[in-house]
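Subject: A structure for you to look through

Hello,

Here is the structure I promised to pass on to you. Please open it next to this email and follow along as I go through what turned up.

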Amino acid sequence: MKKADGKEDSQKIQHIVEALGKRHLGEKTVYTPCLTGCDGIGHCVLKARVRDGQLVLVEPDDRYNPGVGREDRLLSERDLARAMVQRRACPMAWVSHKHHNDPERLLYPLKRRPGSARGAGDFVRISWDEALDTIVGKMIEYRERFGPYSIMTPFMGNDHAERLFGFWGAGVDTWGWCSCDAERLATHLTAGRLGWEDYRSSSAADVLLNAKLIVLWGFDPTTAHQGPSHQLAWYIRMARERGTPVICIDPRYTMTAEVLADQWIPIKPGTDMAFMLGVAHVLFEEKLYDESFVEHFVEPEGFAHWRSYVLGEQDGVPKTPRWAETICGVPAQTIAEFARLYARSKPTWLYKHWGVGRKSRGENAARGAATLQAMMGYFGVPGGILPYFIGSWPIPPGLPLGDKPSNYTVPKICRSYKWAQAVLLADEVRAGRMSRDEWRAIVGYKGDPALPIPEEFHPRMLWWGGNFGAGSNFLATSPDSLNGQIRALERMDLVLYMHLRMTPTARYADIILPGLEPTWEDVKCSATAYGGFSTLSCSPRLAEPPGEVRSVEWVFTKIADRLGFGKEFNRYYSDDLHWNEDWERYQKLSYEATAKKLDFPTPSWDEFRAGKFVHVDEHRDQPFVGFQAEIADEQPFLTRSGKFEIYSEIIADDKQRGEVHYDHSGRLINNLPNDWRDLQPLPVYQPSRHGLEDSLGVKYPLMMLTSHSRYRIHSQFWSQPLLRGDVYRHSVWLSPADAQRRGIREGDRVRVFNDKGEIFLPVYVTSRIMPGLVVVRAGAWYEPGDGLAATMLLGDTESPVTPAPATTLVQVEKPVLT
């Protein structure tokens, strides 16, 4: 009987296999990187099934270890060190083919219907010629009527627009991104590395094989990918299984705290610097820090300033664990024991993630975490990290698309998320109600102090900013008042927008340009050591672009051509009939230029384009360890002293306030505005504006965090139904204590509000957050009259502008029924 049952089961399985085989008849499988714009861009590899030019299915990468679930059970230590593993993707990737075929996809150029209200979403189809001719005509008109500072970009800036403006001789750009500008600034100030270019500090394999303690400070690698999707999280899990302790420090009991950590230490958000100072006090008092490392590699006068501040010699307040406990809420004994374990565990991989820095005063925590690692000698050595960025083996750059403009330096009018404040407050200066210096400090002006800005800043034309993943849907992603951004949009004569679909921001445009999806519809190389791995990959154009969608590069090339400098902007462009051939030639030559600089054999262009990607880690015998040139080889840091600098002489010199800031070797300090406001030369504790110690807390007693969701990349995929409903419920998280105090129960619809606006959401009552906090996930799309987007509540005019603050103070209550 058992044999018969076994035979029957075997036949059923065979029928299923045959049915699946028929289902895939006529399909071809192709490998492509995912280029959706997250912090693992280009790392994840998708196995796509294509039939008749249409995407039908996305499957996991199986180029390594096919059919194996736990690859570490199969691989040797050497293979793990070389990251010979599948580049598995995230939840968004598994529905990306559905998202690609979205019925809401923008397919043709559109213009706002004459007489319709901006924001109503009422558009009519136009030709590309009409769209481009209108754009160029208005550029010329506005420059003549309102001057060179009348055309601007909003949140996240726009590199292509900056090049175009540079050639043309007019226009202003914004500076900075959303994620990690506090860390980029700290990288330059302390280590002399350019935060936009040379950020690499550690690899996933190095964590696995060499760290003796792993500290995840505000870091949830199950959501923030830092390489191929959750692969870094898996390497951390393997390290823990091998006996490496993992500690998670976070206000939220995250998935990382649950599945990766041995200990969760809850901390009040915005008070991380107090915890760090308490740790430093123990290291000094008990002489646990690495005196030899400090003597060799840390600038001594700055270290003396730091020691004096920590021990209370400057202000009479020793930064003891007991002092720290009163601020951060972590028991003094926990802080002290953490410090001792940290000192014993040589080396500790302590990674403070970007969310910690995305608060008022976030620059302090970025520099403070790095200073702890410098005290212990825990960077530049296997298993350590300078906790600004995770990055593996560097990849040489390819070729530029065209020439570099030299006749006009595009002013960086403001920190990118301050673009609306820059527009609205310029009137205050012209009316005499605000000084030029005050305006520049509030918005984060970073440009020539002699320019007549904002007096002659008359914005009339707004381009789009950033990329399709993070920046361009700025009403859902920019951490500033959404209502203020709408007011600034309404001030414009012409708003240009380019995207894949009709986002909330698109509704406020005058001209909409349909964008090409780079993962599926274009040939595009991606070279990245962003995150814990190093990958060179290429999307091979798997699907024919629908409608009349075009690439960003095509749009800017066509505008440049109409303005008379098309060949300088894009030296590979011949004509529209040959755009694809010209573009692929550029990608091929750029890849070959990069491959030629690598010190190992690389695939031919045809092999590379067909899915034989370059994983640099495979070709190295040891995991990547950052800063070895400075530490192991004792080459000088690229700082004034040649050592790691805790104390910033630039910020200490008030005579430099108001100027453009360059380091000792003449390099621009990219993420430091002309006026740094009350940022201090040392990493010190300063209470957060709109934080738990702010006097505004009397009126709005709850601190709101806008954490990212694992089902979105900023605001991308919000409109994808397969990632909503049972998968994701958009709600406000509230602790049981705070819920009980307000008479609120699970599932109640509540009002979340402050002086910036209000939103209405169902409540999720959970012990996963500390009392005094709420969480509303970032990226919800704004709908007029339907308050869902956390950006309705954000905005800060008082703090130093480098961090893009994603927190604020709110109150939560049951709405009054009328």
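There are 63 salt bridges in this structure, which is a predicted model. Let me walk you through three of them.

Start with R51 and E27, whose side chains meet in a salt bridge with 2.6 Å from N to O. R51 sits in strand β2 (residues 45-51), while E27 is in the loop between α1 (2-23) and β1 (28-33), so this pair ties together parts that are 24 residues apart in sequence.

E337 forms a salt bridge with R340, and their closest N and O atoms are 2.7 Å apart. Both belong to helix α15 (residues 332-344), and because they are 3 residues apart, about one helical turn separates them. There is a general rule behind this: an α-helix has 3.6 residues a turn, so residues three or four places apart point the same way. E337 counts as partly exposed at 39% relative accessibility, and R340 counts as partly exposed at 26%.

D522 lies in the loop between α22 (518-521) and β16 (523-528), and R541 lies in the loop between β17 (535-540) and α23 (552-563), so parts that are 19 residues apart in sequence are tied together. Both D522 and R541 are buried. Salt bridges can also share partners: E27, K47, R49, R51, E59 and D62 are joined into one network in this way.

In soluble globular proteins, nonpolar side chains tend to be buried together. The largest nonpolar core here has 112 residues, and the members that touch the most others are M139, L164, W419, W439, F457, W463 and I559. Which helix gives the most to this core? That is α5 (residues 128-146), with 8 residues.

Now for the cysteines. How many disulfides does the structure have? The count comes to 0. For C248, the nearest cysteine sulfur is that of C328, 15 Å away. C248 counts as buried, at 0% relative accessibility. For C525, the nearest cysteine sulfur belongs to C538, at 4.3 Å. A pair counts as a disulfide when the two sulfur atoms are within 2.5 Å, so C525 is in no disulfide. C525 is partly exposed, with a relative accessible area of 23%.

Helix α9 (residues 231-241) has 8 of its 11 residues buried, so the rest of the structure largely encloses α9. The buried ones are Q231, L232, A233, W234, Y235, I236, M238 and A239. They pack against α2 (77-81), α8 (204-210), β8 (213-217) and β9 (246-249). After α9 comes G243, which has a positive phi, near 110 degrees.

Helix α11 (residues 272-285) has 14 residues, and from its first C-alpha to its last it reaches 20 Å, close to the 20 Å expected at 1.5 Å a residue. α11 is mostly covered, with 13 of its 14 residues buried. Just after α11, K287 takes a positive phi of about 50 degrees.

I will finish with two single residues. T371 lies in helix α17 (residues 362-376) and counts as buried, at 0% relative accessibility. Leaving aside neighbours within four places in sequence, T371 is in contact with W306, F644, I646 and P683. E438 is in helix α19 (residues 436-443) and is partly exposed, with a relative accessible area of 40%. In sequence, E438 and D675 are 237 residues apart, yet in space their C-alpha atoms are 9.3 Å apart.

Enjoy exploring!

Best wishes

Notes
Residues numbered from 1 in each chain as written. Predicted model: local features only at pLDDT ≥ 70, side-chain atom pairs only at ≥ 80, totals over all residues. Heavy atoms only, no water. Core = buried A, V, L, I, M, F, W, Y, C linked by side-chain atoms within 4.5 Å. Buried < 20%, exposed > 50% of the residue type's maximum accessible area, 1.4 Å probe, protein only. Helix = DSSP H or I, 4+ residues; strand = E, 2+ residues; numbered from the N terminus. Expected span 1.5 Å × (residues − 1). Contact = heavy atoms within 4.5 Å. Salt bridge = Lys/Arg side-chain N within 4 Å of Asp/Glu carboxyl O.
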